[in-house]
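Me: I'd like to learn how to read a structure I've never seen before. Could you walk me through this one, a feature at a time?

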Amino acid sequence: MDRSVERRRRSGSDGGSSSGWTEEETDGFGWEVRPSGLLVQRRGEGSFAGAAPPTIRVTVSYGAARHEVSVSSIATFGDLKKLLAVKTALDSADQCLKYKGKERGNKEFLDKCGVKNKSKLVLIEDPTSLEKRYIEMKKNARMQNIQRAISDVSFEVDRLADQVTSIEKSISKGNKVAEVQITTLIELLMIQAVKLESIPSDGDTSSQKNLQGKRVQKCVESLDVLKISNCRLRSVVTTKWETFDPPATTNWELFD
C-alpha cells in the first residue's frame with residue numbers, strides 16, 4: 001500500500017470519518033470500504049488488474065467416478081456445473097453440487113465458499129430432476145400407448161373401408177351382394193368405434209382419434225345406404241347345365 005493510502009488510514013484513526021475514505025479516492029485504487037470501515041480489494045473487473053485470475057484444479061466425485069476439473073478460482077458453482085456437464089453428460093440443470101456436505105447454489109462463488117486448489121466436491125443428480133424425469137417418462141409411455149392403439153384402429157379401418165368400396169362398386173354395376181356381407185362389415189366397424197371410445201383423449205392424439213371416428217361413421221353410413229340399394233336389386237341366378245357325352249355305340253355279338 002502506498003504512502004497516500006497510509007496517510008488516509010491515519011487520518012481516519014485521528015478522528016475523521018469512520019473509514020477516512022471517500023468513493024472517489026477508493027475507486028482509483030480498485031478498493032472498497034466495508035460498512036465496518038475495513039478497506040478491501042473490490043471484486044469485479046479490477047480485482048485482478050493486469051493479470052488473469054488464478055486457475056485451480058478440483059476433484060469432483062460422481063458416483064464411482066472421479067473427475068479432475070480445472071476452473072477459475074473466482075468462477076461460480078454454476079460455471080463449474082457447465083464444465084461437469086461435458087464430462088458427465090448430466091445436464092447442468094439436473095446437477096446438485098455439494099462442498100463440505102452443503103449444497104451450493106449456482107450463483108455462489110467458489111473462493112467465497114472456501115474452494116481452493118485440490119478441493120474435493122461431490123456431484124449428485126438433483127432429486128427434483130429425477131422425479132420430473134420419471135413423470136416425463138410415464139407421460140411419454142402413455143402417449144406412445146395411445147398412439148399405438150389409434151394406429152391399430154386406423155389399420156383395421158383401412159382394411160374395412162376397402163371392403164366397403166368393393167361392395168359399392170358391385171352394387172353400382174347392378175350386382176347384388178349377400179346381405180350378411182354388409183351387416184358383418186357394419187358390426188366390424190362398430191367394434192372399431194368402441195375401441196376408439198376406450199382410448200383416452202390426450203393432447204395431439206385427440207385429433208387423431210376424432211379423425212378415425214369420423215372415418216368409421218362415414219363407412220357405416222355408406223353401408224346403410226348400400227343396404228337399401230342392394231335390396232332393390234333382383235337376384236340374378238345363372239344356371240349352368242351339365243352336359244353329357246352321347247352314349248357310345250355298342251356292337252352286339254350274335255350267336256347262332
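**Reading the fold**

Reply: Let's begin with contacts, meaning heavy atoms within 4.5 Å. Of the contacts in the protein with a separation of 6 or more, 58% are between residues 24 or more positions apart. Keep in mind that this is a predicted model, where local features need pLDDT of at least 70, side-chain atom pairs count only at pLDDT 80 or more, and totals for chains, interfaces and linings use all residues. Residues are numbered from 1 along each chain as its sequence is written, and side-chain values use heavy atoms, with hydrogens and water left out.

Me: How many helices and strands are there in the protein?

Reply: Helices (H or I, at least four residues) and strands (E, at least two) are DSSP runs, numbered from the N terminus. The protein has 6 helices and 7 strands. Along the sequence they follow the pattern α-α-β-β-β-β-α-β-β-β-α-α-α. As for burial, residues count as buried under 20% relative accessible area, exposed over 50%, and partly exposed in between (1.4 Å probe, protein chains only). Buried residues make up 28% of the 256 residues here.

Me: In what order do the strands of the open sheet come?

Reply: Strands of a sheet pair through backbone hydrogen bonds, either parallel or antiparallel. Two strands are taken as paired if DSSP finds at least two bridges between them. In this model 5 strands make an open sheet with mixed pairing, in the order E4-E3-E7-E5-E6. Strand E4 (65-72) and strand E6 (102-103) are the edges, and each pairs on one side only.

Me: Which strands does E3 join, and which way do they run?

Reply: Take E4 to begin with: 8 bridges join E3 to E4, and the two run antiparallel. Val 58 stands opposite Val 69 in E4. E3 and E4 form a hairpin with 2 residues between them, and Gly 63 in the turn has a positive phi of about 65 degrees. Then there's E7: strand E3 (residues 55-62) and strand E7 (residues 120-125) run parallel and are joined by 3 bridges. There, Thr 59 has Lys 120 of E7 as its bridge partner.

Me: Which strands does helix H3 lie across?

Reply: H3 (residues 77-88) lies across E3, E4, strand E5 (95-99) and E7, and runs at about 135 degrees to E4. Axes are lines fitted to C-alpha atoms, for helices over the stretch in contact, and angles run from 0 to 180 degrees between N-to-C directions.

Me: Which residues have a positive phi without being a glycine?

Reply: Most residues other than glycine have a negative phi, and most peptide bonds are trans. Ala 89 is one case, with a positive phi of about 65 degrees. Ala 89 sits in the loop between H3 and E5 and is exposed, with a relative accessible area of 73%. Lys 118 also has a positive phi, of about 70 degrees. You'll find Lys 118 in the loop between E6 and E7, where it counts as exposed at 68% relative accessibility.

Me: What angle do the axes of H4 and H5 make where they cross?

Reply: Two packed helices are described by the angle between their axes and the distance between the axes. The axes of helix H4 (residues 127-172) and helix H5 (residues 179-198) come within 10 Å and cross at roughly 155 degrees. That makes H4 roughly antiparallel to H5. Angles under 35 degrees count as roughly parallel, over 145 as roughly antiparallel, 65 to 115 as roughly perpendicular and the rest as oblique. The contact includes Val 153 and Leu 160 of H4 and Leu 185 and Leu 189 of H5. Its residues divide into 11 nonpolar, 3 polar and 2 charged. Here Ala, Val, Leu, Ile, Met, Phe, Trp, Tyr, Cys and Pro count as nonpolar, Asp, Glu, Lys and Arg as charged, and the others, Gly among them, as polar.

Me: Is H4 roughly parallel or antiparallel to H6?

Reply: The axes of H4 and helix H6 (residues 205-232) come within 10 Å and cross at roughly 20 degrees, so H4 is roughly parallel to H6. Their contact residues divide into 12 nonpolar, 8 polar and 4 charged.

Me: And how do H5 and H6 cross?

Reply: Their axes come within 10 Å and cross at roughly 160 degrees, which makes H5 roughly antiparallel to H6.
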